[in-house]
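Hi everyone, thanks for coming. Let me put the structure up, and then we can walk through it together.

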Amino acid sequence: MRNPKMEYRLHPKTGDSISAIGIGCASIVHAGEKGGIEALSLAFEEGFNYYDLASGEPENFATYRKAFAGVRNEVMYQIHFGAEYTSGKYGWSTDVEKVKRSTDWVLRELGTDYIDYGFVHCADEAEDWRKYYRDGVYDFILSLKRQGVIRHIGMSSHTPSTVNLALDELAERAPEEQMDMLMFSINPGYDYQIGEYANGDLAERNALYRRLEEEKIGISVMKPFGGGQLLDKERSPFDRPMTRYQCMKYALDTPGVLTILPGIRDAADVRELAGYLDASAEEKDYSLLGSITPKSGPASCVYCNHCQPCPAGLNVGLINKYYDLAKMGDPLAADHYRTLEKSAADCVQCGHCTDRCPFHVEQTERMLEIAEYFG
C-alpha cells in the first residue's frame with residue numbers, strides 16, 4: 001500500500017500529480033542491480049512517483065526497467081537529451097545525431113515507448129542553450145513530442161540568466177513548443193552565492209523562481225543538500241551543518257517547486273528520505289538561517305511562513321505572494337488578496353515576523369508597502 005503521508009503537488013500546466021519527494025538516480029548503481037531494485041521498489045511503496053535519470057552509470061536504466069516493469073504508468077521519468085550513454089559510460093553532447101542515438105538507447109534500456117518529461121540537458125552557459133536550440137536538438141525534442149514519445153518538455157540548468165534567455169526565446173513559439181519544467185539547483189548555500197553552482201545572487205534567483213511560477217513552469221530541484229556540503233560540519237559554508245530535513249523543507253518552500261530529487265545509494269537512503277513525511281515541524285525548521293546567512297543584498301519573501309504564528313493573525317506568506325503576483329500583472333491576485341480575513345492593513349508592527357524571517361526581510365516595512373499598494 002502506498003504511503004498515505006506523501007504530499008503530491010499538481011503541475012499547474014500539465015496537470016500531473018507529482019510527489020514532493022522524488023529520486024535522483026546517479027548513485028544507485030553502487031547498490032548493484034538487486035539492491036537498486038529493492039531501493040526503487042521501496043521508493044514506489046513510499047509514494048515517490050517522479051524519477052530523474054541524468055548522469056550516473058548506464059546500468060541504472062536496466063535497474064529502473066526491472067523495478068518498474070509492472071507499474072510504468074504510475075511513475076514519471078525525467079530524461080535528459082544531451083546526456084549520452086552509447087559509449088558505455090555517461091557523457092555530454094549537443095550533437096543532434098548523438099542525441100538521437102542516445103534516445104533510442106534510453107527507450108530500449110528503460111523498456112518504454114514514452115518519456116514523461118524530456119529535458120534539454122545541463123544548459124549552464126548561454127552558448128550551451130544556443131547550441132541545443134540552433135543545432136537541432138530542441139527541434140528533435142519537439143518532433144518527439146508531436147509523435148507522443150515525449151509528453152512534456154523541460155531543461156536543466158544551474159544559471160538563472162541562461163534559463164531566462166531560453167524562456168525569452170521560447171516565448172515567441174506556440175505554447176505547446178514551450179517549456180513545462182525546469183530542473184534547477186536550490187539550497188541555502190547556492191541561494192546565498194556559496195558553492196560550485198551558486199550562480200546568480202539571491203535577488204536574481206528569487207526573481208527566476210517567481211517568473212517560473214507566474215508562467216506555470218514547474219521546478220524539480222537538484223542538489224538540495226549542496227552535494228552533501230550543507231550536511232557536513234567540516235565542509236558546511238555556514239558556521240553549523242543543516243539536516244537533510246531542513247534542506248528538503250527549504251527547497252520545497254521555494255516558489256514554483258513541485259519536487260526535490262535527492263540521489264539515493266540504497267534502500268536505507270530511501271527510508272531516510274521517507275522519514276521526512278513523519279518528521280516534526282521542529283525537525284524541518286530552517287529558521288536558523290536567519291542567524292547564519294549573510295545580510296547583504298536585497299532580501300525577498302519566499303512565502304515560507306517561518307514567521308508564523310503572527311500575533312495579529314496575518315498569513316504573512318500569502319499576503320506577500322498576492323502582492324508579488326499583483327505587481328507582475330496577475331489580474332486575480334488583487335481579488336484573492338481582498339478576500340483574506342486579515343490583510344496587511346491589520347499589521348500591528350510588532351516585529352515578530354521580521355525577527356523570525358530566515359531571509360532577513362523587513363516584513364513590518366513590507367506590510368506598510370503592501371497596505372499602501374492595495375489601498
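So, which residues does Thr 162 touch, not counting residues up to four places away in sequence? They are Ala 123, Asp 124, Glu 125, Ala 126, Trp 129 and Ser 157, where a contact means heavy atoms within 4.5 Å.

A quick word on what you are looking at. This is a predicted model, where local features need pLDDT of at least 70, side-chain atom pairs count only at pLDDT 80 or more, and totals for chains, interfaces and linings use all residues. Residues are numbered from 1 along each chain as its sequence is written, and side-chain values use heavy atoms, with hydrogens and water left out.

Back to Thr 162, then. It lies in helix H6, residues 160-170. Helices here are DSSP runs of H or I with at least four residues, strands are E runs of at least two, and both are numbered from the N terminus. Thr 162 is buried because its relative accessible area is 2%; buried means under 20%, exposed over 50%, and partly exposed in between, using a 1.4 Å probe and protein chains only.

As a reminder, an α-helix has 3.6 residues a turn, so residues three or four places apart point the same way.

Let's follow S5, which spans residues 76-81 and includes Phe 81. Phe 81 counts as buried because its relative accessibility is 3%. Its C-alpha atom is 8.6 Å from that of Ser 93, 12 residues apart along the chain.

Now let's zoom out. The protein has 16 helices and 12 strands, and 56% of its 375 residues count as buried. Among contacts with a separation of 6 or more, 75% are between residues 24 or more positions apart. Along its principal axes, the C-alpha trace spans about 65 × 45 × 40 Å.

That's my tour, so over to you!
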